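Here is a friendly walk through a two-chain model, written to be read with the structure open beside you. Where do the chains meet, and how do some of the helices and strands pack?

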Amino acid sequence: MPSLFDKLWAAHAIAETPGGATIIAIDRIFLHERTGAAALNSLAAAGRGVADPARAFVAMDHIVDTRPGRTDATTMPGGTAFITETRAAAHAAGLTVFDIGDPDQGIVHVVSPELGIVLPGLTLVAPDSHSCTQGAVGALAWGIGSTEAEHALATGTLRIDRPPTMRVTFDGTLRPGVTAKDMALALIARHGAAGGQGHAIEFAGSAVTALPMEARMTLCNMATEFAAFSAVIAPDDTTFAWLRGRRYAPAGALWDRALAEWRQLPGDADAAFDREISIDAAGIAPMVSWGTSPAQSVPLDGVVPADAAPGSLAYMGLHPGQPLAGLAIDGAFIGSCTNSRLSDLQRAAAIVAGRHVANGVRAIVVPGSSAVKRAAEAEGLDAVFTAAGFEWRESGCSMCFFAGGESFGAGQRVISSTNRNFESRQGPGTRTHIASPEVVAASAIAGRISAP
Amino acid sequence: MSTPFTTLTSLAAPLLEDNIDTDIIIPSREMKTTGKTGLAAGLFAGRRYTEGRTENPEFVLNRPGFRDAAILLAGANFGCGSSREHAVWALAEHGIRAVIAPSFSPIFAGNAVRGGVLPLALPRAAVDALAAHDVAVHIDLPAQRVTAGTLAFAFEINAEAKAMLVGGLDAIDLTLQSAATIAAWHDRNRSLRPWVYLGNR
């Protein structure tokens, strides 16, 4: 009666420590340029090497410029040192770098699945909280800090306590216009930003099984906003068809052998979980955040709650009872590891096609990877967006967070397909509302928070 | 290797909001160096300073009595958001060695233990009681006990985290003691799941 998590854990548990933790084998490690140098330089200074450099990768995504014609220069003051030091340390350690100008460059959680680096049944860690995104393929993937990244690099393992488990079941059929992003926001709004506290979550149910692969990544991506340890979805034919033929995925006889094992990964029907949550998928509406935590989200036709936290209200410039729909916006951002994949851009483009961004609204699209950008351009999506008045960028994390470079500005109200509406996340004083790419696209056109 | 943590006595600065995220603890714009130091000035920068980077006298760590506080009292889900370990490094560099809160983000809690900062979970009522008492708080990690005046609370911490903190241990050194076990595990795993390994590509 093991669950998917139980199987993943058992397949990677090397030894127990005297303190009751487990030494877990780590199959894939990703670093990025924002913190990669700190980990790699510290490791080198301690005279330690990387145990298996062939299974460690670096994505240049966090602070790289996303404006056309970019170089190592950054809009963030002093950012170039993060890029050049990470690059030099990664090359010295023998890691594969998806660098600026490389056709495989992009956001770590977009690049890793699209290259088949993450696979069902693997463990993957990265010093990035949204690493849980990659559990969507049936891997145990979680975010760590720099010191743990050093440990993973040096030993190919981590020492961790076995997390408690939770199954979140979405049964039923999503209504038209309701997306994986709305499922995540509805869950977090209902159960709180700490609702998943440290649990290894499995997303299950007919509404999850019905999601295409990229939407599954969006759902798992937001698990960290629920304070989960990780998120995983049982791999199935959707997963296998999506992964087959990708560069780092096994091929030929090895694919068949791997596939046979992957088909055994889903948990048993009677698998037990420490906690269970069920949500009726048909009852979920398109969501939008009003406050400064993803838990402070309501249906698009909802209002700011009567008991809204005063600090969040003051920061967002709102008052209780105020409707979200119709709120005038200054900016619209489509991008981030949550919602920047080809299908996200296709759905947003379908809404903006033949229309134009409202006067005074700055609208930006940032593809999640260079491969997504090329695929979108091959379909003419770039032309759709630019004709509608959107900026079309190079790939990266871009304005999902503010590192001292680009920002929409203080007091500016922005609707964003990103994952965090924290205070000053997109720049000091910037007021972020998070929503699906569809809602961001429709709002950019209307100049107000709007349904597609 | 971090500074061993056994006991700690200090006034405890109350910052009793839920969901204090790592962007609040240290905004990304304050992560100006590629190393692990020089981060204390950026601690709580969005709250600690007003325009022109002058101190905000309202912020708890700027108030008399709490300027040198080594203990922070906080709300639930402390350290949520970004995995940046700079949040722990900035706290430690500022002199904060323990955070007492009803719950912590799992990534922050792991980073804190590695960085020699104790993430001490107590029920909300206990945190509130400590905040209401204007006396020094004493933490005894080996005894898993917090006292302040007439207040006394026991707390839970897993054995691995406790051993790491009390000993100031380096986890990599500990794990490398099992190098032979790890190597043998890989030999078996490589024959079971060869597609996991990418070395011969």
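The report below starts with conventions, then takes chain B, the interface, and chain A.

**Ground rules**

This is a predicted model, so to speak of local features a pLDDT of at least 70 is needed, and side-chain atom pairs count only at pLDDT 80 or more, while totals for chains, interfaces and linings use all residues. Residues are numbered from 1 along each chain as its sequence is written, and chains are lettered from A and ligands numbered from 1 in the order in which they are written.

**Chain B**

Chain B holds eight helices and 10 strands; helices (H or I, at least four residues) and strands (E, at least two) are DSSP runs, numbered from the N terminus. Along the principal axes, its C-alpha atoms fill a box of roughly 60 × 40 × 25 Å. Of the 201 residues in chain B, 47% are buried. Here a residue is buried if 20 or more other C-beta atoms lie within 10 Å of its own, exposed if 12 or fewer, and partly exposed in between, with C-beta atoms placed from the backbone. Among the contacts in chain B with a separation of 6 or more, 65% join residues 24 or more positions apart. Two residues are in contact if their C-beta atoms, placed from the backbone, lie within 7 Å.

Is Thr3(B) buried or exposed? Thr3(B) is exposed, because 11 other C-beta atoms lie within 10 Å. This residue sits in the segment before strand 1 (7-10) of chain B. Leaving aside neighbours within four places in sequence, Thr3(B) is in contact with Gly116(B) and Gly168(B).

**Where the chains meet**

The contact between the chains takes 46 residues from chain B and 60 residues from chain A. On the chain B side, helix 1 (22-25), helix 4 (106-114), helix 6 (159-167), helix 7 (171-176) and helix 8 (179-192) each supply at least two residues. Helix 4 of chain B gives the largest share of that side, five residues. By class, the side of chain B that touches chain A has 17 nonpolar, 20 polar and nine charged residues. For these classes, Ala, Val, Leu, Ile, Met, Phe, Trp, Tyr, Cys and Pro count as nonpolar, Asp, Glu, Lys and Arg as charged, and the others, Gly among them, as polar.

| Helix pair in chain A | Axes come within | Crossing angle |
|---|---|---|
| Helix 12 (residues 342-352) and helix 15 (residues 437-446) | 8 Å | roughly 30 degrees |
| Helix 2 (residues 36-45) and helix 5 (residues 146-155) | 9 Å | roughly 55 degrees |

Axes are lines fitted to C-alpha atoms, for helices over the stretch in contact, and angles run from 0 to 180 degrees between N-to-C directions. Helix 12 of chain A is roughly parallel to helix 15 of chain A, whereas helix 2 and helix 5 of chain A are oblique to each other. Angles under 35 degrees count as roughly parallel, over 145 as roughly antiparallel, 65 to 115 as roughly perpendicular and the rest as oblique.

The contact between helix 12 and helix 15 of chain A is made by residues including Arg347(A), Ala348(A) and Ile351(A) on helix 12 and Val440(A), Ala441(A) and Ile445(A) on helix 15. The residues of this contact divide into eight nonpolar, no polar and three charged. In the other pair, Ala38(A), Ala39(A), Ser42(A) and Leu43(A) of helix 2 meet Ser146(A), Ala149(A), Glu150(A), Leu153(A) and Ala154(A) of helix 5. That contact has six nonpolar, two polar and one charged residues.

**Enclosed helices and a sheet**

Helix 15 of chain A is largely enclosed by the rest of the structure, because nine of its 10 residues are buried. Its buried residues pack against strand 13 (287-289), strand 15 (331-334), helix 12, strand 16 (362-365) and strand 18 (413-416) of chain A. Just after helix 15 of chain A, Gly447(A) takes a positive phi of about 80 degrees.

Helix 8 (residues 213-221) of chain A is also largely enclosed, because eight of its nine residues are buried. Among the elements that its buried residues pack against are strand 10 and strand 11 of chain A.

Those strands belong to an open sheet of four strands in chain A, in the order 11-10-9-12, with parallel pairing. Strand 11 (230-232) and strand 12 (275-280) of chain A are the edge strands, each pairing on one side only. Two strands pair if DSSP finds at least two bridges between them. Five bridges join strand 9 (residues 165-171) to strand 10 (residues 200-204) of chain A, and Arg167(A) stands opposite Glu202(A) in strand 10 of chain A.
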